[in-house]
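The following questions ask what stands behind each label used for this structure. Each answer sets a value beside its definition.

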Amino acid sequence: MILELTPEQRAFQQAAERFAREVVAQRAAGIDHSGEFPSDVMYAAAQAGLCGITVPAQWGGLGRDYVSYALAIEAIARASATVAVSLSVTNSLVGDLVAHFGTETQRDRWLRRLASGEILGAFALSEPDAGTDAANQKTTAVPVAGGYRLAGRKVWVANAEEAALAIVFACTTPGVRGHGITAFLVPMDARGIVRTARADSLGVRGLGCMDLDLDLVVGGDQVLGEIDHGFRLAMWALQAGRVAIAAQALGIGDAAVAEAIAHARRREQFGRPIAGFQAIQWMLADMATELDAARLLTMRAADARDRQENSTVEAAMAKLAASEAAHRAADKAMQILASEGYRRGSTVERLFRDARATEIYQGTSEAQRMIISAAVLADA
Ligand SMILES: Cc1cc2nc3c(=O)[nH]c(=O)nc-3n(C[C@H](O)[C@H](O)[C@H](O)COP(=O)(O)OP(=O)(O)OC[C@H]3O[C@@H](n4cnc5c(N)ncnc54)[C@H](O)[C@@H]3O)c2cc1C
């Protein structure tokens, strides 16, 4: 497990922190307020190379390790959770999959553009009846002349508002759940893919989440990986995705701690700063300790991914610990700021709403506990 960063990792972290401070932080409140997709910030992130962090340099990416990736997502989430998760979708759930499972032709067509940020990617797995039970895919891909007819509905597809490419999962062999699902590369401007409802979400506003109605024919050359192996691809991508969400949660939690400390030093009651009260000190101590513990799990999971080991359990532990620590940190920050935090438009109010999403997307906390408990019981 890594505890000490290499000089390269440290330098990359510092560059991401600078980008977050100088570019992202200025827009965070505005993105939250308007709920509009932050195309300008994503463009700047693309210029900084942040859309293809782990994609090999030969395909236009930065070719960094997952530890660096997690450090960058954490730094950006400290400024804006929305920008961090949008980047994590295009990096881990799309770029990574095309880099590892795409054919040369598919990489030629999509990967360089994804890695450079010229286009964004979206990951369409969830459906009205396939949330935690993601293997329950009702979208079908039926063989027809020249390819497959894709038909169904996807929900909560982040980045869909702006993405040029979606990885769409569909059932190719009914009745065998996760063993009969295939991943397809679908251009978002294809006829027969219709963006319908736009989610008006509590937090991570501006993520461009759309529902998609699908009824189109795709070519056999749009299959990503092998037929019926799509669910394995989705789970593989979600290992890194969950590390990124853990990092995102750490960034949100850190921002909550910073807000709480600043307020506790500033606000006086009973003739002294509230930071002098032990009740406040202990809340700050718990926030810092829980986030640091989760940070160790997150670094361990990122490191495991770098070693090409199966990091499913490490990623689940990191996401579970970090998202719940961020939730508690945002909650305690709200308590420390009290009426100031509860005011609509306060930074803590935004962090409180943003933190909550990390316990839901890319697998709920219950889904992570299912993964972890299965491993624990198997080992016992
Ligand atoms: C902001 C946002 C962005 C998203 N982006 C994407 C995206 O880009 N692509 C995508 O495909 N999806 C996306 N999602 C969907 C997300 O992955 C799902 O919301 C998530 O997997 C949970 O599914 P669900 O909401 O249908 O909840 P459900 O599965 O209906 O779960 C409801 C509750 O039941 C619990 N539960 C379910 N099954 C069990 C069980 N067996 N044991 C114990 N508890 C259980 C859950 O943990 C939860 O508490 C996004 C969601 C949000 C909110």
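Two residues are in contact when their C-beta atoms, placed from the backbone, lie within 7 Å. The model is a predicted one, in which local features need pLDDT of at least 70 and side-chain atom pairs count only at pLDDT 80 or more, while totals for chains, interfaces and linings use all residues. Residues are numbered from 1 along each chain as its sequence is written.

Q: What do the buried residues of α5 pack against?
A: The buried residues of α5 pack against α4, β1, β4 (165-171) and β5 (181-187). Helices (H or I, at least four residues) and strands (E, at least two) are DSSP runs, numbered from the N terminus.

Q: Which residues of α5 are buried?
A: Arg-107, Trp-110, Leu-111, Arg-113, Leu-114 and Ala-115 are the buried residues of α5. A residue is buried if 20 or more other C-beta atoms lie within 10 Å of its own, exposed if 12 or fewer, and partly exposed in between, with C-beta atoms placed from the backbone.

Q: Why is Trp-110 called buried?
A: Trp-110 has 24 other C-beta atoms within 10 Å, so it is buried. Its place is in helix α5 (residues 104-116). Leaving aside neighbours within four places in sequence, Trp-110 is in contact with Val-98, Leu-165 and Leu-185.

Q: Where is the kink in α5 centred?
A: The kink in α5 is centred on Trp-110 and amounts to about 40 degrees. The bend at a residue is the angle between axes fitted to the seven residues ending there and the seven starting there. After α5 comes Gly-117, with a positive phi near 80 degrees.

Q: Why does the span of α6 count as agreeing with its number of residues?
A: Helix α6 (residues 230-266) has 37 residues, which should span 54 Å at 1.5 Å a residue; its end C-alpha atoms are 53 Å apart, so the two agree. A kink of about 30 degrees in α6 is centred on Gln-239. In α6, 30 of the 37 residues are buried, and the helix is mostly covered.

Q: Why is α8 described as largely enclosed?
A: Of the 26 residues of α8, 20 are buried, so the rest of the structure largely encloses it. Helix α8 (residues 312-337) reaches 37 Å from its first C-alpha to its last, close to the 38 Å expected.

Q: Why is Ala-338 called partly exposed?
A: Ala-338 has 14 other C-beta atoms within 10 Å, so it is partly exposed. This residue is found in the loop between α8 and α9 (339-342). Most residues other than glycine have a negative phi.

Q: How is the chain divided into domains?
A: The chain is divided into domain 1 (7-120), domain 2 (122-228) and domain 3 (231-379). These bounds come from an automatic or database domain assignment. The contact between domain 1 and domain 2 takes 25 residues from domain 1 and 20 residues from domain 2. On the side of domain 1 that touches domain 2, α4 gives the most, with 10 residues.

Q: Which residues are closest to the ligand?
A: Ser-126, Gly-131, Thr-132, Thr-364 and Glu-366 are the closest of the 22 residues that surround the ligand. A residue is near a molecule if its C-beta atom, placed from the backbone, lies within 6 Å of it. The shell around the ligand draws at least three residues from each of domain 2 and domain 3.

Terms used
The expected span of a helix is 1.5 Å times one less than its number of residues.
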